[in-house]
Each structure stands twice: as C-alpha cells, then as structure tokens.
Amino acid sequence: MSEFDLIDRFFKKPASSAYLGIGDDAALLKPDKGCQLAISTDMLVAGTHFLMDCQPYLIGWKSLAVNISDMAAMGADPRWATLAIALPRKDEAWLEGFSNGFFDCAKQYQVELIGGDTTRGPLNICVQIIGEVPDGKALRRDGARAGDDIWVSGNLGDAALALRGLQGQFDMDPEDLEALRVKLEHPEPRVMLGSSLRDIATSAIDISDGLVADLGHILKASKSGAIVEFMDIPRSNTVSGYLQHDPVKAMVLSGGDDYELCFTASPGHRDAILAIAEKLALKLSRIGTVTDLGALTVLDSNQQPITLGKGGFDHFA
C-alpha cells in the first residue's frame with residue numbers, strides 16, 4: 001500500500017462544504033458571507049499527548065476534538081480540518097481504528113477533512129482546524145474587566161487524575177480510574193457553549209494546560225488579576241473522593257487536558273448563563289472574580305491563599 005493508497009483508503013472523502021477537498025495541491029474554501037475565519041493548529045506526540053497503548057480510535061477522536069475545542073473557545077463553528085501524520089509503519093488495523101475515531105468526531109461536530117500529508121517517522125499527529133465566526137463576535141482572551149465573574153464548564157481534574165493513575169503515579173480504585181479515563185481519552189469540545197456566549201462572555205479560553213495556566217493567559221491579555229475560590233471549582237464525585245491528597249488539589253488547579261471552557265462575563269449576565277447551562281444540560285460554575293490587580297489568587301476554604309507552584313503543562317519545562 002503506497003502513501004496515496006493509504007490516503008485514499010483511510011482519509012479521502014467526497015468534498016461537501018469545501019469547493020475542492022483532498023486530491024489536489026490545495027483545498028479551496030469560501031467562508032459564509034459576514035463571517036471571519038478562525039484557524040488553529042495542535043500537535044499530538046505519542047508518549048506526550050497520549051499513551052502508547054491508547055486505542056487508535058480514541059487517538060483519532062482526541063486529535064480532532066482538541067482542535068475543535070479551540071474553535072469553541074473562540075465562539076467559532078468548526079468547519080474544515082487538515083491532518084498531517086507521521087507513522088512508524090503502515091499498520092492497517094491501527095489506521096482503520098484511528099480514521100474511524102477521527103471521522104466519528106468530524107461527523108458529530110460537522111467538520112470536513114480537506115487535506116493534509118503523511119510520512120514515515122515517530123508517531124506524530126498534527127491537525128489544523130478552520131472555523132467560522134460572525135464578524136466581530138469572536139471570543140478573545142483580552143476582554144476581561146475588573147468585576148467580571150469567572151466561570152468554567154463541566155468538571156476539572158478528571159483527566160489529570162486519570163493520567164496519573166494510568167502512569168502508576170497515583171494509587172486509585174480501578175473502577176474510579178475507568179470512570180475518569182473517558183475524560184482523558186474522549187474529550188467533548190464545548191462548541192455549543194462557545195457559540196452561545198458570543199454576546200455574553202467578555203473573554204474565553206479552553207482549559208488544555210490547566211486552569212491556573214489558561215486563566216493566567218486571559219489575565220495577562222486583559223491586564224487584570226483574579227480571585228478564585230478553590231471550593232467553587234467544579235469537580236466530579238470521583239475527584240472529590242481523593243481531594244484529601246494534596247497532589248489531587250494540584251491536579252484540579254493545574255492538571256490540564258480538561259478541554260472545558262473558562263470564560264468571564266459581567267455579573268448582569270448570570271441569569272442568561274444559567275439559562276444556557278439548563279438549555280445545554282451542561283454544568284456551568286462561577287468560581288471567582290476578575291480584579292484590577294495583575295495576579296491570580298486562589299483561596300482555600302479558610303480564605304487563605306493557596307501556593308500555586310507550577311502554573312500548568314509546559315512542553316519545554
């Protein structure tokens with residue numbers, strides 16, 4: 001099976017929303033009238049972003065889902081993607097599983113694969129995502145203002161605790177580990193939430209490197225600070241059951257791989273945000289307030305500052 005046979009068998013689909021998709025030197029796209037393009041790229045490296053024994057279906061799903069999450073954070077509708085993948089060898093069973101996971105994710109979030117590249121090398125997956133957002137409606141990091149509420153979706157810490165458990169770095173009940181690893185290996189990008197916040201949120205980001213690091217990006221871009229109540233940060237019952245261990249508290253704050261949204265909004269929008277939560281059947285939790293001071297303070301249950309230490313995942317740390 002040649003490189004082009006591989007592409008034809010596992011990745012080539014008829015063009016639908018693109019004028020021209022896979023099979024030429026470049027794809028041809030035209031955004032809808034009145035929309036801006038949002039573009040992002042993420043790279044997943046074996047052993048760094050997914051475990052070597054992870055099911056290929058789940059690797060395929062996650063490689064696209066984490067990119068779609070960037071679109072959600074911008075309030076953009078994901079439309080098109082390109083895929084570049086380095087493979088140690090042509091493993092048809094692995095490719096079948098990977099492509100099934102990738103295209104199941106693409107179907108769920110209405111994304112069309114329009115091109116890419118394949119080569120031989122250590123397993124490495126690079127996806128570029130392209131979305132659309134109405135002119136002037138994109139959610140950005142630089143709009144938070146003092147007095148804004150800070151919100152997060154879903155629960156934080158599940159993926160980080162699952163990873164430590166799978167790596168043998170944290171001892172936990174096998175049933176708990178199985179319950180948590182779904183969040184690590186099968187993230188669900190919050191696209192509907194992002195689009196619902198276009199006229200409400202003052203800033204937004206997806207939580208990929210940990211709450212402290214990613215909220216820190218908002219605060220830096222907005223030249224603001226924040227006070228966050230640790231006990232208001234949403235956690236699953238499973239994570240709460242291990243919260244007496246200090247490493248688990250750190251995972252909630254800085255663990256990463258959550259792919260939830262963190263956003264800020266005026267207190268006047270609280271009812272509207274809770275209405276969105278009900279409509280989407282999605283937990284949205286208010287965890288703190290944006291301040292004028294250019295620092296992030298996290299308070300414990302006794303209103304004492306928590307030493308934050310490492311802010312989040314750093315590929316070069």
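The structure is a predicted model. The protein has 317 residues, of which 50% count as buried. Its secondary structure comprises 10 helices and 10 strands. The accessible surface comes to about 15100 Å². Carbon and sulfur atoms contribute 50% of that surface. Contacts were also sorted by sequence separation. Among those between residues at least 6 apart in sequence, 85% join residues at least 24 apart.

Four strands make up an open sheet of mixed pairing, in the order β1-β4-β2-β3. Its edges are β1 (35-45) and β3 (112-120), each of which pairs on one side only. Neighbouring strands in this sheet are turned by 15 degrees against each other on average, direction ignored. Strands β1 and β4 (residues 124-134) run antiparallel and are joined by 11 bridges. Within this pairing, Asp-42 has Val-127 in β4 as its bridge partner. Helix α3 (residues 92-108) packs on the sheet and touches β2, β3 and β4. The direction of α3 makes about 165 degrees with that of β2. Helix α2 lies across β1, β2 (77-87) and β4. The angle between α2 and β1 is about 140 degrees.

Six strands form another open sheet, ordered β6-β8-β5-β9-β7-β10, again with mixed pairing. Strands β6 (201-207) and β10 (296-299) are the edges, and each pairs on one side only. The twist from one strand to the next averages 25 degrees. Strand β7 (residues 225-229) pairs with β10 in the parallel sense, over four bridges. Glu-229 stands opposite Leu-299 in β10. Helix α2 (residues 56-73) packs on this sheet, with contacts to β6 and β8 (260-265). The direction of α2 makes about 170 degrees with that of β6.

Leu-261 lies in strand β8. Leu-261 counts as buried because its relative accessible area is 1%, against a cut-off of under 20%. Its surroundings draw on several parts of the chain. Leu-261 touches Ser-69, Ala-72 and Ala-73, among others. Further contacts of Leu-261 include Trp-151, Val-152 and Ser-153. Arg-190, Leu-193 and Gly-194 are also among the residues touched by Leu-261, as are Ile-205, Asp-206 and Ile-207. The C-alpha atoms of Leu-261 and Pro-189 are separated by 8.6 Å, although these residues are 72 apart along the chain.

Terms used. Residues are numbered from 1 along each chain as its sequence is written. This is a predicted model: local features need pLDDT of at least 70, side-chain atom pairs count only at pLDDT 80 or more; totals for chains, interfaces and linings use all residues. Side-chain values use heavy atoms; hydrogens and water are left out. Helices (H or I, at least four residues) and strands (E, at least two) are DSSP runs, numbered from the N terminus. Buried means under 20% relative accessible area, exposed over 50%, partly exposed in between (1.4 Å probe, protein chains only). Contact means heavy atoms within 4.5 Å. Accessible areas come from the Shrake-Rupley method with a 1.4 Å probe; for residues, only the protein chains shown count as cover. Two strands pair if DSSP finds at least two bridges between them. Axes are lines fitted to C-alpha atoms, for helices over the stretch in contact, and angles run from 0 to 180 degrees between N-to-C directions. Lists of a residue's contacts leave out its neighbours within four places in sequence.
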